[in-house]
Amino acid sequence: QTLEYSPPEALIGNPWVPFNSKKPESYDSWSIGVLALELLLGTPNIFTVDQRTTVLLTNRMEKKGASHEDIQRALYLAALSQFCIFVPSSS
């Protein structure tokens, strides 16, 4: 499994959600979408944020004692939000 092509629900959540053999099409659909974005944008780095956002978010989270994993998750969510595909939960 390549993490860059896994859907967000597989990367974010508690606990880790492994491949769901009952709904393999959700992984396939997400992966095809990622490949399409890579081709359209001409770069494999589609889920990244700009340097300013990276520094600001990292500094804020480090001050609050966040782990490296938490910071990486926050940066991934920030990148997803740029594509308007992340809907924050109400909880």
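The protein has four helices and zero strands. Both kinds of element are DSSP runs, numbered from the N terminus: helices are H or I with at least four residues, strands are E with at least two. Along the sequence the pattern reads α-α-α-α. The model is predicted, so local features need pLDDT of at least 70 and side-chain atom pairs count only at pLDDT 80 or more, while totals for chains, interfaces and linings use all residues. Residues are numbered from 1 along each chain as its sequence is written, and side-chain values use heavy atoms, with hydrogens and water left out.

Of the 91 residues, 22% count as buried. Buried means under 20% relative accessible area, exposed means over 50%, and partly exposed lies in between (1.4 Å probe, protein chains only). The areas come from the Shrake-Rupley method with a 1.4 Å probe, and for residues only the protein chains shown count as cover.

Turn to the aromatic rings. A pair of rings is described by the distance of the centres and the angle of the planes. Here rings of Phe, Tyr and Trp (its six-membered ring) pair if their centres lie within 6.5 Å; planes under 30 degrees apart are stacked, over 60 edge-to-face, and the rest tilted. By this rule there are two aromatic pairs. W30 and F47 are stacked, because their ring centres lie 6.0 Å apart and their planes meet at 10 degrees. This pair links distant parts of the chain. W30 sits in helix α2 (residues 24-41), F47 in the loop between α2 and α3 (51-63), and 17 residues separate them. Both W30 and F47 are buried.

F47 also pairs with Y76, this time edge-to-face. The centres are 5.8 Å apart, with 70 degrees between the planes. F47 lies in the loop between α2 and α3 and Y76 in helix α4 (residues 68-82), so the pair ties together parts 29 residues apart in sequence. Y76 is buried, as is F47.

Next come the charges. Side chains of opposite charge can pair when their charged atoms come close. A salt bridge here is a side-chain nitrogen of Lys or Arg within 4 Å of a carboxyl oxygen of Asp or Glu. The structure holds two salt bridges. E69 bridges to R73, with the closest N and O atoms 3.5 Å apart. Both residues lie in helix α4, four residues apart, about one turn of the helix. E69 counts as exposed because its relative accessibility is 54%. R73, at 27%, counts as partly exposed.

D70 forms a salt bridge with R73 as well, its closest N and O atoms also 3.5 Å apart. D70 and R73 are three residues apart in helix α4, so about one helical turn separates them. D70 is partly exposed, at 32% relative accessibility. Shared partners join E69, D70 and R73 into one network.

R52, R60, K63 and K64 form a positive patch. Patches take residues with over 30% relative accessible area and no salt bridge, joining like charges within 9 Å and nonpolar side chains (Val, Leu, Ile, Met, Phe, Trp, Tyr) within 5 Å. Lys and Arg count as positive and Asp and Glu as negative; His and the chain ends are not counted. A charge is placed at NZ of Lys, CZ of Arg, CG of Asp or CD of Glu. K63 lies in helix α3. K63 is exposed, with a relative accessible area of 76%.
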